[in-house]
Amino acid sequence: MFDISVPALMGQLTVGLINGSFYALLSLGLAVIFGLLNIINFTHGAQYMMGAFVAYLLLEKTGLGYWWALVITPFIVGGLGVVIERTMIARLYKLDHLYGLLLTFGLALIIEGAFHHNYGSAGLPYSIPQSLQGVQNLGFMFLPFYRAWVIVASLAICLATWFVIERTKLGAYLRAATENPTLVQTFGINVPRMITLTYGAGVGLAALAGVFAAPIYQVSPQMGSSLIIVVFAVVVIGGMGSIMGSIVTGFGLGIIEGLTKYFYPEASSTVIFVIMAIVLMIRPQGLFGQR
Amino acid sequence: MTLKLKTLVAAAALALAGTAQAQISGNVVKIGVLNDQSGLYADLGGQGSVLAAKMAVEDFKAKDKGLNVEVIFADHQNKPDVATQIANKWIDSEGVDVILDVPNSGVALAVNEVVRNKKKAFINSGAASSDLTGAKCSPYTVHWTYDTWMLANGTGKAIVKTGGDTWFFITADYAFGHALERDTSEVVKKNGGKVLGDVKVPLNNQDFSSFLLQAQASKAKIIGLANAGGDTINSIKQAAEFGIVKGGQNLAGLLVFLTDVHGIGLDKAQGLILTSTFYWDRDDQTRAWSKRFMAQNGGKAPTMVQAGVYAGVLHYLKAVAAIKSDDGIKVVDEMKKLPTDDPLFGKGSVRQDGRVIHDAYLYEVKKPSESKAPYDYYKLRATIPAAEAFRPLKDGGCPLVK
Amino acid sequence: MAALFAVLPFVIYPRFGMLLLCFALFACAFNLLIGFGGLLSFGHAMFFGMGSYLSAQAALVWKLPVELAILTGAGTALVMGVVAGLLAIRRQGIYFAMITLALAQMVYFFCLRAPFTGGENGIQAVPRGHLFGVVDLNQPLAMYYFVLAVFLAAFLLIERIIHSPFGQVLKAIRENEPRAISLGYRTERYKLAAFVLSATLAGLAGGLKAIVSQNASLTDVYWTMSGEVVLMTLLGGMGTVFGPVVGAAIIISMQFYLSELGSWVTISQGIIFVICVLAFRRGIVGEIEAWLRRRRGA
């Protein structure tokens, strides 16, 4: 088992890094929504899937390609998120968190069922944009340009989000608003609107991850449900209040999973759950969580 | 007196014939299409299979032959409990005489037991498990279209013969994937090829980069994809990304349907080698039938599963008409006696173990430049004659085979 | 309710009734944990599914008589419940739910690969045999009444538990755990007991189901099964006694009678979830009970 070659290992670590950046990006939206709003957004997987589908539809119906999709899609799906929040989720704030979980779970079923009904399950074709095609020979492996782009973009977006929330005034207001809404409202800040926009932003991030995924993963109605549980695990391990926790865990997990895929591939789907169970037992608030 | 005796004998004979002439139960031959209408396999079969069954009833001109035929359908939602409930209910209270399609091997095996208990016919066109005509074979079950052995052998042998003699497998880590890999490895080795390695991937894994890297490193000429559905699509999509085919290796899809290729897109799927028993564009007959099908199916081309439903219903009705009965075991026995012949699969036969033998074809996915219209995806590489395409009768372990 | 179920097989298809009872039992077991214990488990499918697999294995391969086979299933779930409970109980709310989900996923992957489960093919042709060596369970009516008997027994057990001192303490813990602790109760022990009871009864339901449908498959351990039982309980009314039965009846009926509608089954389940959470939180039975109370009170 340990007769590995350094080049092969480096290749696997790189792949792990790529996947990690993807996990980080994906869990970012969920972390924002839970960390700040205490809503457990089970619809996250379906919103990610919608992001990929909107990208496909933009190409099919309007001819707008990948780069346009990156910008437009988060707003479209985020907008839908805002509608959901205003009409349904807002009513549950006074209740136990678990009702939010159940509601968003139901919404996920509706959205996935509807897409299944219309698009079947074999998936739709979506290609890597011309400018990002091709591979770079790194010596120990061939790295597709697109994947390198994903790492870079993901890091940038993750750090930008973390910065906005933890280091800017806007982020400070947001964090205060969730801890003590009435007080913050007396300062003249429209708290409900902030919450709505934050939910929309979290959903937009999910959709953005969907656009990133469309060229390399199968664009199908069930693409979200396969990932949602993993994403939850990432957020839980990282600490449900912590943006940085999700980012670090996302990258870390990608690497651990990558190594598992090399040494013991059969376990690569379960390793994350094992880690989650262990973390929850030793340090239930997660690696970076506060509570 | 001789005349009277003759008349008496003749009358007696007629009377006996009359009673021996078995009845069509409830005066209706009821066909139940049971498949996945809303999940993973909805594209392979789904409503298309129902359409195929109805077309077969029309083409058979049942009314003219004095038969009343009805087609009903239901969604088993990929749940064996739902499927067995529906199958039991259909047989017990709705007079269903034959069950068609049933993709998803787990569900198919469950339904197989139901028909065994209830003594009704079952024509499977969607499931892959070769156990249906092997260890779990039944005198009531006929297995059309494909199974894991045929796929492994068709693809494996044909590829090795054309020079693809070193293999690396990316295998879905569950019974189906293992079976595909095992059968294909055997064929490859028997025909002089070598298996350089394999990697087992959990089911529904999304990212194959790590495994594709390992496949690249092995330098095998052929990368065998022992998986199906979303796993296959993701493997192929990402293989294109990593430049696997450009780097000189070829992908062999061990279970790929037309709908999968449609979902991946030719730019990524080109060069993929696969085995199928039906392709809509193969010859004039299949083209004519497929055009009729597509007109009623929203322009979507038929898959081999749907074609199998058509052919199965046609052959079933032929057997019913021949013996004028829809009694489960009698019809299936008659189906085994009559050779099969339809515009979709050509000439073939139903074996003792329930396996339907027909020709299989090795296809290669066209380059985008070679495709002139939607669904124009395959070019023929080789034809595998019926006699070689399926597992030999004695190797299956079916208790019906003496 | 017993009377209703007693005459049911003459009205509807008996096999359907049997399956319904199995899921009703599953929902009741789940309700014990959420409705009375206040703990939402997202992994109950592992108990139901493993109960189903072990009963099937016991009946088919080890050739145990029917009663012992079903008890094997329940017993397996009991052991699993203890292990899972010890791991999960120390956390609450969403963390508890997530741990149960994680454990259930691990069980699913185990079942996918373990040879005895038959992987994605499942275990088929589970024999029904003879109850106590006498009653032939292949007769639908006999089987139905057997299932009904087991269901009623379990249901009565749950009712006794709810109304016992143990049940009262559970309710107290659910309402206000710190207060219960300050009163001197070892809340962890009570919660663990509730969890194990719930798990065992879920396993019993699974075992029963394996004999009824004569198969066991991966669907039984997949996380969507966990989601379905949550839905059934929520729809029927969490914390009510009859709620889960009503919820199970509706959801299972939907799966069969709507099976011609394809994707609509999933969509309708989603819609029901959403409506229940927004407007109907007490569930059908809960709303009826509240309405009755208003009439009596006002």
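So, is Cys137(B) buried or exposed? Bear in mind that this is a predicted model. Cys137(B) counts as buried, because its relative accessibility is 3%, under the 20% cut-off. Its partner is Cys398(B): the two form a disulfide, with the sulfur atoms 2.0 Å apart. The link is right-handed, at 85° about the S-S bond. And it ties together distant parts of the chain, 261 residues apart. Cys137(B) is in the loop between strand E4 and strand E5 of chain B, while Cys398(B) sits in the segment after helix H14. Cys398(B) is buried too, at 5% relative accessibility. Over all chains, the count is one disulfide.

What about Cys28(C)? That one is in no disulfide; the nearest cysteine sulfur belongs to Cys22(C), 12 Å away. Cys28(C) is still buried, at 4%.

Okay, on to the contact of chains A and B. Chain B puts in 34 residues and chain A 38. Between them they bury about 2,700 Å², with 51% of that on carbon and sulfur atoms. On the chain B side, Gln206(B), Lys237(B) and Glu241(B) lose the most area, together 23% of what that side buries.

For the polar part, we get 16 residue pairs in polar contact and two salt bridges across the interface. One of the salt bridges pairs Arg147(A) with Asp207(B), closest N and O atoms 2.9 Å apart. By class, the chain B side has ten nonpolar, 16 polar and eight charged residues.

Conventions:
Residues are numbered from 1 along each chain as its sequence is written. Chains are lettered from A and ligands numbered from 1 in the order in which they are written. This is a predicted model: local features need pLDDT of at least 70, side-chain atom pairs count only at pLDDT 80 or more; totals for chains, interfaces and linings use all residues. Side-chain values use heavy atoms; hydrogens and water are left out. Contact means heavy atoms within 4.5 Å. Buried area is the accessible area (1.4 Å probe) that two parts lose on being put together, summed over both. A salt bridge is a side-chain nitrogen of Lys or Arg within 4 Å of a carboxyl oxygen of Asp or Glu. A polar contact is a pair of N or O atoms within 3.5 Å; within protein, one must be able to donate a hydrogen and the other to accept it, and residues adjacent in sequence count only if both atoms are side-chain atoms. Ala, Val, Leu, Ile, Met, Phe, Trp, Tyr, Cys and Pro count as nonpolar, Asp, Glu, Lys and Arg as charged, and the others, Gly among them, as polar. A disulfide is a pair of cysteine sulfur atoms within 2.5 Å. Helices (H or I, at least four residues) and strands (E, at least two) are DSSP runs, numbered from the N terminus. Buried means under 20% relative accessible area, exposed over 50%, partly exposed in between (1.4 Å probe, protein chains only).
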